[in-house]
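Hi,

Here is the structure I said I'd pass on. Have a look at it, and then read my notes below.

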Amino acid sequence: MSTPRLLSCSLLIVMMAAPAIAAPKDSHRQAVAELMQMMKMKQQIDAALKISADALTQQIPPFAAHKDAVLRFYENHMGWETTRNDYIDLYVETFSEKEIRDILAFYKTPTGYKVIHTLPIVMQKATARTQ
């Protein structure tokens, strides 16, 4: 086989394989989505946005009259529906599918369940102590 033909074939193979190499498998993204649901990410983000809106309206009194609008703004720009895919992408980039499945397995244990349900409370108490 001639060099140009060999290069062309090699390039074609690389181009065909690139999407399979670069794109995460659907099962990986699905595992992350399951983890996000188990971690109650939507509820955590909703709660964090409400706390942020409360803090802003307390720190800047003229905003207090517009607290609902501030919260809607936060939800529209930083809410779960807006950021869900960003979180999934971040977890896919950070953890292998096996690691995600290992984390899911842990969270399904009694200790893992306790971590999921207790850690937000611990974080709130820690935040309160630092204020």
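Let's start with a helix pair: helix 4 (residues 67-78) and helix 5 (residues 80-94) pack at an angle of about 30°, with their axes 5 Å apart. Helices here are DSSP runs (H or I, at least four residues), numbered from the N terminus. Axes are lines fitted to C-alpha atoms over the stretch in contact, and angles run from 0 to 180 degrees between N-to-C directions. Helix 4 and helix 5 are therefore roughly parallel to each other (that label covers angles under 35 degrees). On the helix 4 side, the contact (heavy atoms within 4.5 Å) is made by Glu 75, Asn 76, His 77 and Met 78, and on the helix 5 side by Trp 80, Thr 82 and Thr 83.

A quick word on the model: it is a predicted one, where local features need pLDDT of at least 70 and side-chain atom pairs count only at pLDDT 80 or more, while totals for chains, interfaces and linings use all residues. Residues are numbered from 1 along each chain as its sequence is written, and side-chain values use heavy atoms, with hydrogens and water left out.

Next, find Tyr 91, which sits in helix 5. Is Tyr 91 buried or exposed? Tyr 91 counts as buried because its relative accessibility is 17% (buried is under 20% relative accessible area, exposed over 50%, partly exposed in between, with a 1.4 Å probe and protein chains only). Leaving out residues up to four places away in sequence, Tyr 91 touches Val 32, Leu 35, Met 36, Met 39 and Ile 100. Val 32 is 59 residues away along the chain, yet its C-alpha atom and that of Tyr 91 are separated by 6.8 Å.

Cheers

Conventions:
Helices (H or I, at least four residues) and strands (E, at least two) are DSSP runs, numbered from the N terminus. Angles under 35 degrees count as roughly parallel, over 145 as roughly antiparallel, 65 to 115 as roughly perpendicular and the rest as oblique.
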